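Here is a short briefing on one protein model. Look over the sequence and the structure first, then read the points below.

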Amino acid sequence: MRTEWFPLVNEAGETIGKASRAECHSGSKLLHPVVHLHIFNRAGELYLQKRSLNKDIQPGKWDTSVGGHVDYGENVEDALLREAREELGIIGFIPAFIKRYVFESAIERELVNAFRTTYDGPFSPDPEELDGGRFWPIEEIKRNLGKGIFTPNFEREFSDLFG
């Protein structure tokens, strides 16, 4: 299995080094960039992906429409387009930057680059990564916050950006 390399960044997003996926997820708290894309349909519902039960982090939880790591040598915008294509099979959308912030969990520290777009489909979720996905009415998401259905990162980001 090949080693995945992530850039190490400062809080401004500037690359200051590199580390392997294993190092970044080991509790080292090495700051590495990720991308999140929130996909709304024209009705204002938010598409959420269901993480595969095979994932090492938050298996089986509902999460941000698209989320993934920026590879070493890749820029944020290219990573966003790649992840959307790999996870959901979507291309040709126009992302709008929302904000950048640091998210820290027990095992990692990420510089999240959050975007949004409007897209009604179609979707082709990657069965290796995801157990599907669907559009959620915003009120349904709000009613289910704190019930262990969503990833903690999604709940924090949703409340911060859209709550």
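A nonpolar core is a set of buried Ala, Val, Leu, Ile, Met, Phe, Trp, Tyr and Cys residues joined through side-chain atoms within 4.5 Å. Buried means under 20% relative accessible area, exposed means over 50%, and partly exposed is in between (1.4 Å probe, protein chains only). The largest such core here has 18 residues.

This is a predicted model: local features need pLDDT of at least 70, side-chain atom pairs count only at pLDDT 80 or more, and totals for chains, interfaces and linings use all residues. Residues are numbered from 1 along each chain as its sequence is written, and side-chain values use heavy atoms, with hydrogens and water left out.

**Nonpolar cores**

- Within the largest core, L37, I39, L88, I90 and F123 have the most contacts.
- Strand β3 (31–40), helix α2 (76–88) and strand β9 (130–136) each supply at least two residues of this core. Helices (H or I, at least four residues) and strands (E, at least two) are DSSP runs, numbered from the N terminus.
- Helix α2 gives the largest share of this core, five residues.
- F123 touches I39, Y47, L88, I90 and F135, leaving out residues up to four places away in sequence. Contact means heavy atoms within 4.5 Å.
- A second, separate core has 10 residues, including F40, L46, W62 and F158.
- In soluble globular proteins, nonpolar side chains tend to be buried together.

- I39 sits in strand β3.
- I39 counts as buried because its relative accessibility is 0%.
- Beyond four places in sequence, the residues that I39 touches include E45, L46, Y47, S65 and V66. Also among them are L88, I90, T117, Y119, F123 and F135.
- I39 and L130 are 91 residues apart in sequence, and their C-alpha atoms are 16 Å apart in space.

**Pockets**

- A pocket is defined on a 1 Å grid over the protein atoms alone: it is an open set of points where a 1.4 Å probe fits, with protein on both sides within 12 Å along at least five of seven lines. Lining residues have an atom within 4 Å of a point.
- The largest pocket holds about 780 Å³ of space. Grid points are joined across faces, edges and corners, and a volume is the space filled by probe spheres set on the points.
- This largest pocket is lined by 36 residues, and R51, K55, G67, G68 and H69 lie nearest its centre.
- Strands β3, β4 (46–51) and β6 (66–69), with helices α2 and α4 (152–161), each supply at least two residues of that lining.
- By class, the lining of the largest pocket has 16 charged, 13 polar and seven nonpolar residues. Ala, Val, Leu, Ile, Met, Phe, Trp, Tyr, Cys and Pro count as nonpolar, Asp, Glu, Lys and Arg as charged, and the others, Gly among them, as polar.
- The second largest pocket has a volume of about 160 Å³.
- The second largest pocket is lined by 16 residues, with V9, G13, T15, E74 and V76 closest to its centre.
- Strands β1 (5–9) and β8 (109–118) give two or more residues to the lining of the second largest pocket.

**Helix α4 and D63**

- The buried residues of α4 are N153, F154, E155, E157 and F158.
- These buried residues of α4 pack against β3, β4, β5 (62–63), β7 (96–104), β8 and α3 (138–144).
- D63 is found in strand β5.
- D63 counts as buried because its relative accessible area is 12%.
- The side chains of D63 and R51 make a polar contact at 3.4 Å. A polar contact is a pair of N or O atoms within 3.5 Å; within protein, one must be able to donate a hydrogen and the other to accept it, and residues adjacent in sequence count only if both atoms are side-chain atoms.
- D63 touches L48, Q49, R51, T151 and F154, not counting residues up to four places away in sequence.

**Backbone details**

- The peptide bond from G121 to P122 is cis, with omega near 5 degrees.
- P122 lies in the loop between β8 and β9.
- K29 is not a glycine, yet has a positive phi of about 65 degrees.
- K29 lies in the loop between α1 (21–24) and β3.
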